[in-house]
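Hello,

I am passing a structure on to you, along with some notes on what turned up when I went through it. Please have a look at it first, and then read on.

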Amino acid sequence: MGLFSRKNDTPSAPIITGNTQIQQPNVAEQNLNELVVQSVHEGVVIIGSDGNIRLVNPAAVNMFGRNEEEIIGFNYETTIRLLDKNGNQVSDEHNPIGYSLKSGEYGETREFDLVTLDSNKVTPVSIIIVPTSEEQRNLVVTFRDITQELKEEQERNDFISTASHEMRTPVASIEGYLGLAMNPSTATIDERAMDYLTKAHEASQHLGHLFQDLLDTTKLDDGQAKTRMEPVELVELVKQLADGQIPNITAKGLGYQFGTGNIEQTLGGARQIGQLIYASVDKSLLHEIIDNLIENAIKYTQEGWVTVSVKADDRNAQIIVKDTGIGMPREELGHIFQKFYRIDNRDTREIGGTGLGLYLVKQKVEAMNGRIWAESEVGKGSSFIVSFPRISQDVYKKQRFVLDNQASQNFQNPNAA
Ligand code: ADP
């Protein structure tokens, strides 16, 4: 369950309360620590393992909109009212504080708004939760107003989005004219000019991809991209989408294989014709994901195979795109899904790219409640595994029936939608 963007890697904060296990601050230090807590702009509370509030600083008193006497000793739920991004009060299960108390997981989240109780003001906050110590399981919870931060992020996103949108058009025109100049039926040029134009054409294509990727990134970052989830039979759908890449795979001289099977079975070999695996996905996002993973497999493979397979166990369905290419060092696997991250070594330097592809793939997978990770060995090849919760045939049929009926009703009565 992923309530936190950063889990368990936040250091504990023994200094604020001091305890017997960890070095006890002396009186002067303790006063100083308290002074710091009292004077910071962030709201800070200490919550006991029973859920009752032990300490609150003035900033938190202001943010919660209750007097200190109405806060100390009371359960956190009576004073700290959180809303999700749809404006709904968060359930016990999704409350990050309750979650930390139960699970012992800590971290930071920006998924919630805080309600100031005396004015009903709603403020977007970053909530950082750290334990006071392993033994005590008290929590130090810090609330930071991120209104300004979100506004600046939005402005930055808007700028990138407008700029890339505006720049796509002239770049497409440059690409078009270069294409005409290179086409022997529309222009006559010598060999050297052809060489220059080919390079310019490649660069303009690269620029076009970059702008498109930037545009997609801003859309996904500010949640503009809405998913249209529908129940699908994954084996047939993935095969159909992956088959669309066969011309690109064979153009590079690589072999192509498609297979299905159980997750435990070794990759590539399993071929279980007729297996049906159901999941809920957004078809057009899945199309983009598969295209991107196969394009990478082709790009980073000089010889051998690209294998696509769909596998499942009782709970999950997996789509695996495997290649026999240059592979990736193990220590890079945690970074490749970051924005603009490219592995820089002798093998990759000649291969063009923006470093945005896998970032976008991950955003899209997660927008569909899926997970993605990579396994790889340098010189042997890579596998990218996309996993979605599996749904039963029964659920598939019911959801499909409802969806198809809605569609046919809307079709008969176009004003209904
Ligand atoms: P790029 O535009 O650079 O391909 P991506 O975000 O798609 O950006 O990938 C990030 C990095 O991960 C790439 O620069 C490359 O080093 C590595 N990578 C991605 N796919 C593969 C693959 N199939 N085989 C080897 N390396 C890969």
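**Where the ligand sits**

The ligand takes up the space of the second largest pocket. Please keep in mind as you read that this is a predicted model.

Let me start with the surroundings of the ligand. A shell of 20 residues surrounds it, and the closest are Tyr-300, Asp-323, Arg-342, Thr-354 and Leu-358. By type, the shell residues divide into nine nonpolar, eight polar and three charged. Three elements each supply at least two residues of this shell: helix H10 (283–299), helix H11 (357–367) and strand E14 (381–391). Helix H10 gives the largest share, with three residues.

The side chain of Asp-323 has an N or O atom 2.9 Å from a nitrogen atom of the ligand. For Arg-342, an N or O atom of the side chain is 2.4 Å from an oxygen atom of the ligand. Thr-354 takes part through its backbone instead: a polar backbone atom there is 2.8 Å from a ligand oxygen. Taken on its own, the ligand has 530 Å² of accessible area, and the protein covers 98% of that.

**Two residues with positive phi**

Phe-340 is not a glycine, yet its phi is positive, at about 65 degrees. You will find Phe-340 in the loop between strand E12 (316–323) and H11. Is the residue buried or exposed? Phe-340 falls in between: its relative accessibility is 47%, so it counts as partly exposed.

Asn-369 is another residue other than glycine with a positive phi, near 65 degrees. Its place is in the loop between H11 and strand E13 (371–377). With a relative accessible area of 56%, Asn-369 lies over the 50% cut-off and therefore counts as exposed.

**A serine inside a helix**

Finally, a serine in helix H6 (residues 147–182): Ser-164. Its relative accessible area is 2%, which is under the 20% limit, so Ser-164 is buried.

Best wishes

Methods:
Residues numbered from 1 in each chain as written. Predicted model: local features only at pLDDT ≥ 70, side-chain atom pairs only at ≥ 80, totals over all residues. Heavy atoms only, no water. Near = heavy atom within 4 Å. Polar contact = N/O pair within 3.5 Å; in protein donor to acceptor, adjacent residues only side chain to side chain. Areas by Shrake-Rupley, 256 points an atom, 1.4 Å probe, with all protein chains shown as cover. 1 Å grid on protein atoms, 1.4 Å probe; cavity = no way out; pocket = protein on both sides within 12 Å on 5 of 7 lines; lining within 4 Å. Sits in = over half its atoms within 2 Å of the grid points. Helix = DSSP H or I, 4+ residues; strand = E, 2+ residues; numbered from the N terminus. Nonpolar A, V, L, I, M, F, W, Y, C, P; charged D, E, K, R; others polar. Buried < 20%, exposed > 50% of the residue type's maximum accessible area, 1.4 Å probe, protein only.
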